[in-house]
Amino acid sequence: MHCSRLTFLLFLLAIPATCFSWPAKVVSVADGDTITVLHNDQKKEIRLYGIDCPEKEQSHGEQAKALTTALVSGRNVDVEQKDIDRYDRVVGLVKVDGQSLSELIVQNGYAWVYTKYCKEKFCPDWVKLESVAK
């Protein structure tokens, strides 16, 4: 029995920390695919996983930012860290009310799936949503 517990604990330690989400509050929205959250009294910039939105100065960039703002500004979210990007931002799968923020933005036609980096099992479903939104 003791050996089983030890094996289980070792298994838990082997699971990467990135598969767990952590709660945060959205404090600002930089653009359609970048938000800032407050977590443990620290601000963290989050680059939304798996998508790319037009920049603010590009066509529909302001609308993408407005949608993201409407969906999460001031709200509590869950962040599942996937990576750290070259700008030292957390690349994260953000959920609001249990729904993926990235998926909602794609579904509404203000983002495309960043297929070079979106490698999760749900990414093909997002590509279909993107096709419908077009």
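Start with the whole chain and its contacts (heavy atoms within 4.5 Å): of those with a separation of 6 or more, 57% join residues 24 or more positions apart. You're looking at a predicted model, where local features need pLDDT of at least 70 and side-chain atom pairs count only at pLDDT 80 or more, while totals for chains, interfaces and linings use all residues. Residues are numbered from 1 along each chain as its sequence is written, and side-chain values use heavy atoms, with hydrogens and water left out.

Now switch to a cartoon view. You'll find four helices and eight strands, taken as DSSP runs (helices H or I, at least four residues; strands E, at least two) and numbered from the N terminus. Follow the chain from that end and the order is α-β-β-β-β-α-β-β-β-α-β-α.

Next, head inside. Of the 134 residues, 37% count as buried, meaning under 20% relative accessible area with a 1.4 Å probe, protein chains only; over 50% is exposed, and in between is partly exposed. Select Ile35 and Val77: in the largest nonpolar core, which has 30 residues, these two touch the most other members. Such a core is a set of buried Ala, Val, Leu, Ile, Met, Phe, Trp, Tyr and Cys residues joined through side-chain atoms within 4.5 Å. Elements giving two or more residues to this core include β1 (21-31), α2 (61-72) and α4 (123-133), but β6 gives the most, with five.

Time for the largest pocket, with a volume of about 390 Å³. Here a pocket is an open set of points on a 1 Å grid over the protein atoms alone, where a 1.4 Å probe fits, with protein on both sides within 12 Å along at least five of seven lines; lining residues have an atom within 4 Å of a point. Its volume is the space filled by probe spheres set on the points, which are joined across faces, edges and corners. Select Arg47, Asp85, Val91, Tyr114 and Tyr117, which lie nearest the centre among the 15 lining residues. β5 gives the most to the lining, with three residues.

Last stop: two loops. Asn40 sits between β2 and β3 and has a positive phi of about 50° although it is not a glycine. Asn40 counts as exposed, at 63% relative accessibility. Then jump to Asp88, in the loop between β5 and β6, where phi is also positive, near 65°. Asp88 counts as exposed at 63% relative accessibility.
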